[in-house]
Amino acid sequence: MTTTIGIVGNDVPRQLVMAADAVPQRLTGTWDGRLDARASALLGAVDPVVTGILTEILEGCHDDLAGLVVCNDAQAHLRLFYVLRMLRGEGLPPVHLLDLPRLDSPAARRFAAHQLTALSEFCAGLSGTSPTASRLRAAAAAESQVGAALVRLRARRRAASAVPGADALSAIIAAGALPVTDAVAALDAVVDPAPSQLVRVHVTGSSHPDPTMYAALEAHGLVVVSDDHSTGDQAWIGESVDSGELDDVCEGLVELHFARTADSAGASIAARAALTRASAQAGGARFALSLIREDEEAPAWDFAAVSDELATAGIPALSRRWIRRGQSTTVAAEVAAKILDERIAS
């Protein structure tokens with residue numbers, strides 16, 4: 001029987017899960033949908049997407065999972081971990097916290113390596129399979145295939161005839177929850193270009209748990225050619241370390257971790273602004289959209305600096321904050337109309 005381990009957050013190196021003969025399945029939640037009253041009461045005022053994930057877990061939608069790994073890459077995720085740990089006696093799967101530091105230092109690297117070793121041990125304990133040298137190398141080779149497919153998809157997003165952003169986002173999210181062969185197939189299947197007359201935009205702000213908003217934006221005259229959030233281009237999939245020694249693999253993964261730019265809650269404003277500009281320029285975006293959910297304020301802290309940075313590249317930026325659950329398609333239509341109006345005016 002296949003051991004499937006659920007992932008919440010964007011810090012888990014898939015190689016370590018696969019080296020334990022398990023399949024990593026990232027849980028991203030949804031933009032819309034009902035929230036369980038108990039889940040809401042337990043978590044309090046957090047990103048409603050995370051409340052939605054807890055709702056799914058409590059309602060048995062993920063009973064096939066052997067365990068859960070929750071990343072401490074957002075306060076909402078940390079709160080989710082504590083709630084899941086508290087509810088462990090109710091028949092929920094075992095839960096493990098992965099706490100990777102954001103600020104680089106020798107001490108932080110040692111701590112991060114220890115965290116990854118503990119993650120490997122947790123996965124091995126669930127599957128009953130230790131990460132041998134051959135399994136570590138096989139997992140690295142497999143994950144590199146996902147990375148190559150992701151590079152190909154990014155190129156098709158940035159092409160003059162860009163593929164739809166909704167299709168790309170759907171494939172990236174799926175890839176984070178599928179075995180390698182299926183993940184590569186999902187990423188490589190996005191090939192049909194969007195209509196050429198659509199206005200090219202870059203999306204920043206909150207992560208997008210599903211392609212609902214992208215699809216709505218693209219139904220109203222835009223095409224999302226790039227983004228910089230943790231379920232899109234910044235999803236940590238496709239990277240691995242080719243070594244048969246667990247210590248070396250963990251050390252290499254720590255290096256890769258600190259080379260990433262985290263989401264707004266974990267990165268400096270300057271780093272986020274630089275990433276947004278580089279990503280938007282690479283995609284040939286004409287406009288940038290900062291779309292921010294209710295109860296998730298961190299991306300709003302970045303917007304002034306992001307807007308200034310984009311202005312130096314001649315890319316106007318528009319922000320829409322406090323997007324409530326159930327409003328995703330309505331807000332997308334409103335934002336698209338504003339972008340098209342600005343385009344006509346300019």
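This is a predicted model: local features need pLDDT of at least 70, side-chain atom pairs count only at pLDDT 80 or more; totals for chains, interfaces and linings use all residues.
Visitor: Ala 162: buried or exposed?
Guide: Ala 162 is buried, at 5% relative accessible area. Buried means under 20%, exposed means over 50%, and partly exposed lies in between, with a 1.4 Å probe and protein chains only.

Visitor: Where does Ala 162 sit?
Guide: In the loop between α6 and α7. Helices (H or I, at least four residues) and strands (E, at least two) are DSSP runs, numbered from the N terminus.

Visitor: Which residues is Ala 162 in contact with?
Guide: Arg 156, Arg 157, Pro 193, Ala 194, Arg 200 and Val 225, leaving aside neighbours within four places in sequence. Contact means heavy atoms within 4.5 Å. Leu 198 is 36 residues from Ala 162 along the chain, and their C-alpha atoms are 9.7 Å apart.

Visitor: Next, Ala 235. Which loop is that in?
Guide: The one between β6 (222-227) and α10. Ala 235 is buried too, with a relative accessible area of 9%. Leaving aside neighbours within four places, Ala 235 is in contact with Asn 10, Arg 26, Ile 172, His 229 and Ser 230.

Visitor: How many residues separate Ala 235 from Asp 11 along the chain?
Guide: 224, yet their C-alpha atoms are separated by 8.8 Å.

Visitor: And Thr 129, buried or exposed?
Guide: Buried, at 16% relative accessible area. Thr 129 lies in the loop between α5 and α6. Not counting residues up to four places away, Thr 129 touches Ala 20, Asp 21, Ala 124 and Arg 135.

Visitor: Helix packing now. At what angle do α3 and α4 cross?
Guide: Roughly 25°, with the axes of α3 (residues 48-58) and α4 (residues 75-86) coming within 10 Å. Axes are lines fitted to C-alpha atoms, for helices over the stretch in contact, and angles run from 0 to 180 degrees between N-to-C directions.

Visitor: What does that make α3 and α4 to each other?
Guide: Roughly parallel. That label covers angles under 35 degrees; over 145 is roughly antiparallel, 65 to 115 roughly perpendicular, and the rest oblique.

Visitor: Which residues make the contact?
Guide: From α3, Val 50, Ile 53, Leu 54 and Ile 57; from α4, Ala 76, His 77, Leu 80, Val 83 and Leu 84. They divide into eight nonpolar, one polar and no charged. Ala, Val, Leu, Ile, Met, Phe, Trp, Tyr, Cys and Pro count as nonpolar, Asp, Glu, Lys and Arg as charged, and the others, Gly among them, as polar.

Visitor: At what angle do α5 and α10 cross?
Guide: Roughly 120°, with axes within 9 Å. That makes α5 oblique to α10. Their crossing is right-handed.

Visitor: Last one: which residues touch the most other members of the largest nonpolar core?
Guide: Val 12, Val 69, Leu 98, Leu 116, Leu 119, Leu 153 and Leu 187, out of 44 residues. A nonpolar core is a set of buried Ala, Val, Leu, Ile, Met, Phe, Trp, Tyr and Cys residues joined through side-chain atoms within 4.5 Å. The largest share, seven residues, comes from α6.

Terms used: Residues are numbered from 1 along each chain as its sequence is written. Side-chain values use heavy atoms; hydrogens and water are left out. A crossing is left-handed if the near helix is turned anticlockwise from the far one by less than a right angle, and right-handed if clockwise.
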